[in-house]
Amino acid sequence: MELKSLMINQTDEWKALESHWEAMSEVHLRHLFEQDAQRHERFSVDACDWHLDYSKNLIDEEALKRLIALAKAANLTQWAERLIGGERVNATEGRAVLHMALRNLGYRNYAYEGKDIMPVVRSVLSRMRTFSDDVRNGRWLGYTGQVFTDVVNIGIGGSSLGPKMVCEALRPYQRDNLRVHFVSNVDSSHIEQVLKPLDPKTTLFIISSKTFATQETLANATAAREWCIKGVGTTKAVESHFVAVSTNTQAVREFGINPANMFQFWDWVGGRYSLWSSIGLPIAIAVGMDNFESMLLGGHDMDEHFVKTPYENNMPVIMALLGIWYTNFGDADSYAIVPYYQDLASFPDFLQQLDMESNGKRITLDGRLVDYQTGPVTWGSVGTDAQHSFFQLIHQGTRLVPTDFVLPLTGHNAKPDHQDKLVANCLAQAQALMRGRTAAEVQAEMEHAGFDQQKIDQLLPHRMFPGNRPSNMLVTEKLTPRSLGALIALYEHKVFVQGIIWGVGSFDQWGVELGKHLANQILDDFNEASGSCELDSSTADLIQRYNDAKNQSN
């Protein structure tokens, strides 16, 4: 089937939403709640261990109806069928996108080029189980016969962000005697800091790189190999202390890793969607393969919900449409993700890649320049810390910043007093964003506190909050491997839906490639006295300054 994108802002459905935003912009959320005692019930949905309360959004039933009509105008159902059917929806690279097959613990069929891919997926999962069990149970030993106490994953982008986020999020499921670390930055301080307290004789390295040619990953992997060989005392240590996750057998062999210790994945697995694959090996080692597969099951639960549920009750579709509503009609240029759970501190970082690398595009699939906004800036931090940093801007600043709150209601080791305060703060922030504080309310509070009228007049404008700031509240009883898997898949599908509506290719990342290409050129320029003739004066001067500093330090 031919892949063709749609200039969505030329449709009648888009124009209907433009006029409806004008109507809704005159409405205040607190009044919507006052007028409708059932508002929460009508604007909330439950799926896959998560409750989405989206009632604190600047929408009514007509807005939701028109947003769903926009999704249908963009042929969302047909695109989802193409995705699941293994068509090459990554058109610019000519690849299928089948990460859902990696977590297919049900009976759905996934095929690539007419061939069932589930046998190879299950084969890799079986190898991951065997290896992770061997490491966790002390059967896979280091060169000197010692049990591994530390595992260091070396990768970058999707080969690090996803596994790192999951390992942190599932920290309560880890063992104290087996620690997992992540090295991604080519800044040597990163790997030095990670390796300094470790023992080479009890450290296992996972080198995660799809091509095994990523500049940052190879630099860190080479440093790790030298450290290991020096600490163990022989090059033979590499075979028992290093494994690879890659598609490039030859490069793995040339590095010195036995291809028998290489875990496969495929070009139909995009980097930012790869934590479900063998890239998730550090997760399996950290929490055990049973918990890893429970996470896969949660992702599969959300896949089935996304595929089977009508749009009116479809959690990823609703969240995607709300994002479209604010980005394209409310002029919001960013949105914030605030998990009220310390172990989800890296979740906003993970979503930055998932969202901005996917939909940070200005060209449609068929090569046309868009004349509307696409992917918003994604940012955030963990609550309650966020309340004491950027929440001032969200509450009283000039920008509209829709916010997603993520709240596990109970913790694994939560102290009741702490948990009460944590949950109260999360609910209060969402309520404050919605309600605001009127001049009359400020006046009454200050009078009650004994302020004279002159002081009230002076401070009143500063103490007023406009409110009407939208938010979603995602609630689960407890963060488990299964509910975490569903949460990740929820955002994956949200990003996919938005990409389809905007008509962009969500599964390539050509914007990343130019910087890589130029970095390699500049590395060559470091060795030339005057640099290459293509250099601009600014870059040439900065190269000279770097070379001067390097020469002085030597």
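In this predicted model, Leu76, Trp79, Ala80 and Leu83 of helix α5 meet Phe496, Val497 and Ile500 of helix α21. By class, this contact has 7 nonpolar residues, with no polar and no charged ones.

**Helix α5 with helix α21**
- Helix α5 spans residues 76-84 and helix α21 spans residues 481-502; they pack at an angle of about 120 degrees, with their axes 10 Å apart.
- Because angles of 65 to 115 degrees count as roughly perpendicular and those over 145 as roughly antiparallel, α5 is oblique to α21.
- The handedness of the α5 and α21 crossing is right-handed.

**Helix α7 with helix α14**
- Helix α7 (residues 118-136) packs against helix α14 (residues 289-308) at an angle of about 145 degrees, and their axes are 10 Å apart.
- On the α7 side the contact is made by Leu125, Met128, Arg129 and Ser132, and on the α14 side by Met289, Asp290, Phe292, Glu293 and Leu296.
- Sorted by class, the residues in the contact of α7 with α14 are 5 nonpolar, 1 polar and 3 charged.

- Val89 is placed in the loop between α5 and α6, the latter being residues 99-102.
- With a relative accessible area of 4%, Val89 is buried, because the cut-off for buried is under 20%.
- Val89 and Phe507 are 418 residues apart in sequence, and their C-alpha atoms are 7.9 Å apart in space.

**Cysteines**
- The structure holds 0 disulfides.
- A disulfide is a covalent bond between the sulfur atoms of two cysteines.
- Cys426 has 0% relative accessibility and counts as buried.
- Cys48 has a relative accessible area of 19% and is therefore buried, the limit being under 20%.

**Backbone features**
- Most residues other than glycine have a negative phi, and most peptide bonds are trans.
- Cys48 has a positive phi, near 55 degrees, and is not a glycine; Cys48 lies in the loop between β1 (44-47) and β2 (50-53).
- Asn468, also not a glycine, has a positive phi of about 60 degrees.
- The loop that holds Asn468 is between α20 (453-463) and β13 (471-478), and Asn468 counts as buried at 16% relative accessibility.
- Gly383 and Thr384 are joined by a cis peptide bond with omega of about 15 degrees.
- Thr384 is in the loop between β11 (377-380) and α17 (391-396).

Key. Residues are numbered from 1 along each chain as its sequence is written. This is a predicted model: local features need pLDDT of at least 70, side-chain atom pairs count only at pLDDT 80 or more; totals for chains, interfaces and linings use all residues. Side-chain values use heavy atoms; hydrogens and water are left out. Axes are lines fitted to C-alpha atoms, for helices over the stretch in contact, and angles run from 0 to 180 degrees between N-to-C directions. Helices (H or I, at least four residues) and strands (E, at least two) are DSSP runs, numbered from the N terminus. Contact means heavy atoms within 4.5 Å. Ala, Val, Leu, Ile, Met, Phe, Trp, Tyr, Cys and Pro count as nonpolar, Asp, Glu, Lys and Arg as charged, and the others, Gly among them, as polar. Angles under 35 degrees count as roughly parallel, over 145 as roughly antiparallel, 65 to 115 as roughly perpendicular and the rest as oblique. A crossing is left-handed if the near helix is turned anticlockwise from the far one by less than a right angle, and right-handed if clockwise. A disulfide is a pair of cysteine sulfur atoms within 2.5 Å. Buried means under 20% relative accessible area, exposed over 50%, partly exposed in between (1.4 Å probe, protein chains only).
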